[in-house]
Amino acid sequence: YYPEHRPDALVCANMLLRKFLHASCESDSVDGNNLHTPKVFIRILPKNLVTSAIEQCHENDDNIAGSISIPLVQNLQAEFESIKKFLEAHNRHVQFLDVISKTSPCHKSGNKPAHSLQDNFESEIADKMERNSFRQRKVGLCKIIIESAQRVSDALMEVLTFGGGWLVDSNADDLDD
């Protein structure tokens, strides 16, 4: 398509993203793949879609019949960015679940024969070394989980504190005039 169609492309992209999100809410999938379609769709869109749409609206400046107004394209930009933040937060959540499922602090002790030739002193030293090793692995796994949880928390806060509100029409008063 042509760059002068970017405002219309942004309208269509937001409409499709809303439909994809609505369809994913109705699906019964609980494995985190229900948002795959909007994530792929966002990746295939041109990187400069939003900025080009805004530039095109400034160039047209309501001189062309049927062109999109600047307040409307700003709302479209906010909607697009908020959906993008939501999908990024979902990616972080899926990554966190993956980290949780793959980091198990299970203790795997070796099977010791019932009648060992080692004396009690050597056995105690071996047990202490094994416990220390297990503690160190557990501390490392805890750090990985905490870092992943922090990334999810930060992504969620970006969604919740999105500038001007999440999917809020910041120019509603301008459009009513």
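Biologist: Is phenylalanine 41 buried or exposed?

Modeller: Buried means under 20% relative accessible area, exposed over 50%, and partly exposed in between, using a 1.4 Å probe and protein chains only. Phenylalanine 41 has 14% relative accessibility, so it counts as buried. Bear in mind that this is a predicted model, where local features need pLDDT of at least 70, side-chain atom pairs count only at pLDDT 80 or more, and totals for chains, interfaces and linings use all residues. Residues are numbered from 1 along each chain as its sequence is written, and side-chain values use heavy atoms, leaving out hydrogens and water.

Biologist: How many aromatic pairs does the structure hold?

Modeller: Rings of Phe, Tyr and Trp (its six-membered ring) pair if their centres lie within 6.5 Å; planes under 30 degrees apart are stacked, over 60 edge-to-face, and the rest tilted. Here there is one aromatic pair. The ring centres of phenylalanine 20 and phenylalanine 41 are 5.6 Å apart with planes at 75°, so the pair is edge-to-face. It links distant parts of the chain, 21 residues apart: phenylalanine 20 sits in helix α1 (residues 6-26) and phenylalanine 41 in helix α2. Helices are DSSP runs (H or I, at least four residues), numbered from the N terminus. Phenylalanine 20 is partly exposed, at 24% relative accessible area.

Biologist: And which residues does serine 148 touch?

Modeller: Contact means heavy atoms within 4.5 Å. Leaving aside residues up to four places away in sequence, serine 148 touches Gln95, Phe96 and Val99. Serine 148 belongs to helix α5 (residues 120-160) and, with 2% relative accessibility, counts as buried.

Conventions:
Helix = DSSP H or I, 4+ residues; strand = E, 2+ residues; numbered from the N terminus.
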